[in-house]
Structure formats: structure tokens, C-alpha cells
Amino acid sequence: MKRSRINSIMAEADQMIREYGFVLPPFARWTPEEFRARASQARHVIDARCGWDITDYGAGNFDEMGLFLFTLRNGLLSDLQKGTGMCYAEKLLISRQDQLSPMHTHVIKAEDIINRGGATLVIELYGSDDHGNFAEDRGGRVWCDGIAHDYAAGEKLKLAPGESVTLRPGDWHAFWGEGGDVLIGEVSTVNDDETDNIFREPIGRFSSIEEDEEPTHLLVSDYARMLG
């Protein structure tokens, strides 16, 4: 993705988030220079990979397959392994109309996916085989606003604003906005986007970036290279 497009997506996302009554935390507005100057204070933000995250999954067509995310808060895997401390995470996401977030599951993370506003969020669901692999002939069970829901393989669950679903490891899912863009909340166990996203197809979680202009704000994928 071009950095200029990433900068534009950030600005558009921030505006949509504000329209639905949410405001991103102060570090979201830091320039790269401010982030470098305050890196020691922001060590947890950096280590937990909180912040801006925009991906086209390496396919090069964000409008058709992509996702905007902002990780608001996140614990560390060491907390989760100990079973104490900050064992949770929270994100805001934007799924654009007909923009696919491709079929995947998680090994560790359980997550509540919440339609925070906008259009309908469609979530396509499949179960796993006995080894945790994608099973095109198996369904499973999720919880919609705390109510058990048994799904058939390939079922398309539709969430209106205010509705949510709880997905557990082994629930394979893809999602997109129907009828417009959707602001999504995600509340989960500790989030590790580097190792805990298992995609059905061999695709990448993060984008390659063409630096055609300076970044407005850093992406979480910039931290290792630009902050050390």
C-alpha cells in the first residue's frame, strides 16, 4: 500500500469514529517525531502493539480485501500465560461496504465482535475439524449477545448496530459490511496479530508499504523499524 493512501484512510477512519461518539486516545495523534521522543514512556504501547493498523492482507486491493483497526489497549502474552494481570484487549475496526476480511481463526484469542454503528455486519462462519483446521462441512456454536446460537457451515450471521457475537478459537470467520460501512468493536483476550491469525488461504496479515510521502502517524507494523 502507498503511505499516502494509509494517511488518507487514517483521516477518514478518525472522522467516522468521532461521528459515532468515540474518541481515540492521545497517542493516536502523535506524529512519528513525538513517538520517537516519548518512546521510553510509551514502552507498553509499543510492546503491546497498540495503535493504528491498516492492512490489505498483501493482496494490493484494499477496497476489496482489507481492514482498518486501532488497538486501544492490549496485555502481553506473558500475562496471559501467567493467568494474571492484563489478560484482555480492545480494538476499534472499520469494515467498509463489501470489503472482505478473509476467512481465518485464532489459536488463543476469544473475541466479542460488536457492531458499534453503521450498516449491517455480515460474519460468515465455519467450524473446525478434529485438528483445528477449516472444515467446510462443519458448523459450531457461538454466542450472540450471550445467547447460544448453533450455526451451520457457511452460515452468514448478520449483526445490526448494537448486536454482538462471541467467537472462540476454532470458529472460522470472514466478515464485511453490507449496505454501507460498519464501525466494529472488538473485546478479546490478549491479541497477538503476528502469530495468532490462522488464515484459510496463504495470505499475509500486514501490508508492504511504498513510502511515497511521510507518515502522518505510525502503524503498529512501523514500530520495530522506526522506534527500535
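Predicted model: local features only at pLDDT ≥ 70, side-chain atom pairs only at ≥ 80, totals over all residues.
Student: Hi! How many aromatic pairs does the structure hold?

Tutor: Hello! The structure holds eight aromatic pairs. One of them joins Tyr57 and Phe199, with the ring centres 5.7 Å apart and 75° between the planes.

Student: Nice. Is Tyr57 buried or exposed? And what about Phe199?

Tutor: Tyr57 is buried, at 5% relative accessible area. Phe199 has 15% relative accessibility and counts as buried too, because the cut-off for buried is under 20%.

Student: Which residues do ring pairs link into a cluster?

Tutor: Look at Phe27, Trp52, Phe68 and Phe70. Ring pairs connect these four residues into a cluster.

Student: Switching to charges over rings: which ring face does Arg168 lie over?

Tutor: Arg168 lies over the face of Trp143, 4.6 Å from the ring centre. There is also Arg205, which lies over the face of Phe206 at 4.7 Å from the ring centre.

Student: OK, now Arg3. Where is Arg3 found, and is Arg3 buried or exposed?

Tutor: You'll find Arg3 in helix H1 (residues 3-19). With 0% relative accessibility, Arg3 is buried.

Student: Which side chains does the Arg3 side chain contact?

Tutor: Glu211 and Asp222. The side chains of Arg3 and Glu211 are joined by a polar contact of 2.8 Å, and the polar contact from Arg3 to the Asp222 side chain is 2.9 Å.

Student: Let's go to the surface. Which residues form a nonpolar patch there?

Tutor: Val107, Ile108 and Ile198 form that patch, and together they have about 250 Å² of accessible area. Val107 sits in the loop between strand S4 (101-105) and strand S5 (111-128), and Val107 is exposed, with 59% relative accessible area.

Student: Last one, Arg138: where does Arg138 lie?

Tutor: In the loop between strand S6 (134-135) and strand S7 (140-144). Arg138 is partly exposed, at 34% relative accessible area.

Student: And what separates the C-alpha atoms of Arg138 and Glu201?

Tutor: A distance of 18 Å, for two residues that are 63 residues apart along the chain.

Conventions. Residues numbered from 1 in each chain as written. Heavy atoms only, no water. Phe/Tyr/Trp six-rings, centres within 6.5 Å; stacked < 30°, edge-to-face > 60°. Buried < 20%, exposed > 50% of the residue type's maximum accessible area, 1.4 Å probe, protein only. Lys NZ or Arg CZ within 6 Å of the ring centre and 35° of its normal. Patch = residues over 30% accessible without salt bridge, like charges linked within 9 Å, V, L, I, M, F, W, Y side chains within 5 Å. Areas by Shrake-Rupley, 256 points an atom, 1.4 Å probe, with all protein chains shown as cover. Salt bridge = Lys/Arg side-chain N within 4 Å of Asp/Glu carboxyl O. Helix = DSSP H or I, 4+ residues; strand = E, 2+ residues; numbered from the N terminus. Polar contact = N/O pair within 3.5 Å; in protein donor to acceptor, adjacent residues only side chain to side chain.
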